[in-house]
Amino acid sequence: MPKTTSDARVRAARLESHGLRGGLPSAADAVRRLGAVQAQDLSAAKWVVGARVPGSVAADVDAAIEAREIVRSWPLRGTLHLLPTERLRPIIAITGPRILQRAATRHRQLELDEATYRAARAIAERELAGGASRSREELQAAWEAAGIATTGQRGYHLIWWLANDALVCWGPIDGRGQRLVLLDEWAPSTVSAFDRDETLAGLFLAYIAGHGPASVRDFAWWSGLTLGDARSARAAAGDTVTAFDEDRFVASDAGWPADAAAPTPRAQSGLVLAAFDEYFLGYADRLAVCTPEFAARIIPGGNGVFQPILVSRGRVVGTWRRGQGRGATSVVLDGFDAASAIDPADFATSLRSRARFWGQELGTVEIA
């Protein structure tokens, strides 16, 4: 088993696995590489993808959704994610029952029982049948009309329940947002049963290929699986992954363990990444890229809301936010400390790419 390696080498390997060093061909390829992309903030998720696809624009992500190459639902940690469409059902077959079991107390508080769910499900099936789509508000209005209250998060939890029961997912995008559809109509599947070990192995390999070097514990956190299931996933993955050091793995075709004695490649500087980007979010242990002191700046108050991040040579060195300028993408860069002093020139290429991704011109760049 290789010994623990340097943080610099971990960062270099992660930039490679994330597709942040050389780039990836398409939006679907980026999502496939990462395994899944946290996407409760759809705009942020689009830039997670765009940052990995040189020359891409936001419409490319929409097109991948419309083409059913990727899909948005709640398969991991009970949180919205983008993931390859063919992976959604087998993952939910494993994670859905556990996610719903953990929500039982909250559902009792909301007075959502099986009878209410069955009634809401029947209405959703009727509203969405024949390739129809509904906004969240439209579906909730149909429930209200049938006497099913949707206030106090009841409507959200009913949609969430339907998704974790593999009935609905988010489908087409219009000017007002994304619309709900029946999963079986949006992305039909001919497979009625899924092999648990095969699904676990595929999910572990996808995570390691897009996040490695990473540990089994990292995977358990990211996937929301029990540590026992995470260990089973590692075992099922077999020799498709290989040890990077004492605790972490990379995909066997990544090349890193084989050239462990070679110099660590220089990591490019100046990445402007989204809120909730997998480069920081996707791990239980984030020490290799950011110290706990500064990690608190990325998740203020530990409230689960991740700020957009600045990455220099693989290290998270600050956060950023949009400025107040109109008609252009003005940006304020906020470095963590003097040791990670921010030079706007280091981030110019990434800032221009982000502006182009959203169809805008880069405005002023300021230091907080």
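Reader: Which residues lie nearest the centre of the second largest pocket?

Author: Those are Ala44, Ala275, Pro308, Trp320 and Arg354, out of 14 residues that line the second largest pocket. Helix H3 and strand S11 (315-322) are the elements that give two or more residues to that lining. Keep in mind that you're looking at a predicted model.

Reader: How do you know how the lining of the second largest pocket divides by class?

Author: You sort each residue by its type. Pro and Trp count as nonpolar, for example, while Arg counts as charged. Do that for the lining of the second largest pocket and you get eight nonpolar, two polar and four charged residues. The volume of this pocket is about 270 Å³.

Reader: And what volume of space lies in the largest pocket?

Author: That one holds about 360 Å³. Its lining is made of 23 residues, and nearest the centre are Ala51, Pro54, Leu271, Thr349 and Ser353. By class, this lining has twelve polar, seven nonpolar and four charged residues.

Reader: Which helix gives the most to the lining of the largest pocket?

Author: H16 does, with five residues. Helix H3 (42-50) and helix H16 (348-357) each supply at least two.

Reader: What makes the link between the side chains of Glu127 and Arg134 a polar contact?

Author: Distance is one part of it: the N or O atoms must be within 3.5 Å. The side chains of Glu127 and Arg134 are joined at 3.0 Å, and that does count as a polar contact. Leaving out residues up to four places away in sequence, Glu127 touches Ala132, Leu139 and Ala142 as well as Arg134.

Reader: Why is strand S2 called largely enclosed by the rest of the structure?

Author: Because seven of the seven residues of S2 (residues 70-76) are buried.

Reader: How do you know that S2 and strand S3 pair?

Author: Count the bridges. Two strands pair if there are at least two bridges between them, and S2 and S3 (residues 79-84) are joined by five, so they pair. The two strands run antiparallel, and Val71 stands opposite Leu83 in S3.

Reader: Which residue takes a positive phi in the hairpin of S2 and S3?

Author: That's Arg77, with a phi near 60°. The hairpin has two residues between its strands.

Note on methods. Residues numbered from 1 in each chain as written. Predicted model: local features only at pLDDT ≥ 70, side-chain atom pairs only at ≥ 80, totals over all residues. Heavy atoms only, no water. Buried < 20%, exposed > 50% of the residue type's maximum accessible area, 1.4 Å probe, protein only. Helix = DSSP H or I, 4+ residues; strand = E, 2+ residues; numbered from the N terminus. Polar contact = N/O pair within 3.5 Å; in protein donor to acceptor, adjacent residues only side chain to side chain. Contact = heavy atoms within 4.5 Å. 1 Å grid on protein atoms, 1.4 Å probe; cavity = no way out; pocket = protein on both sides within 12 Å on 5 of 7 lines; lining within 4 Å. Points joined across faces, edges and corners; volume = space filled by probe spheres on them.
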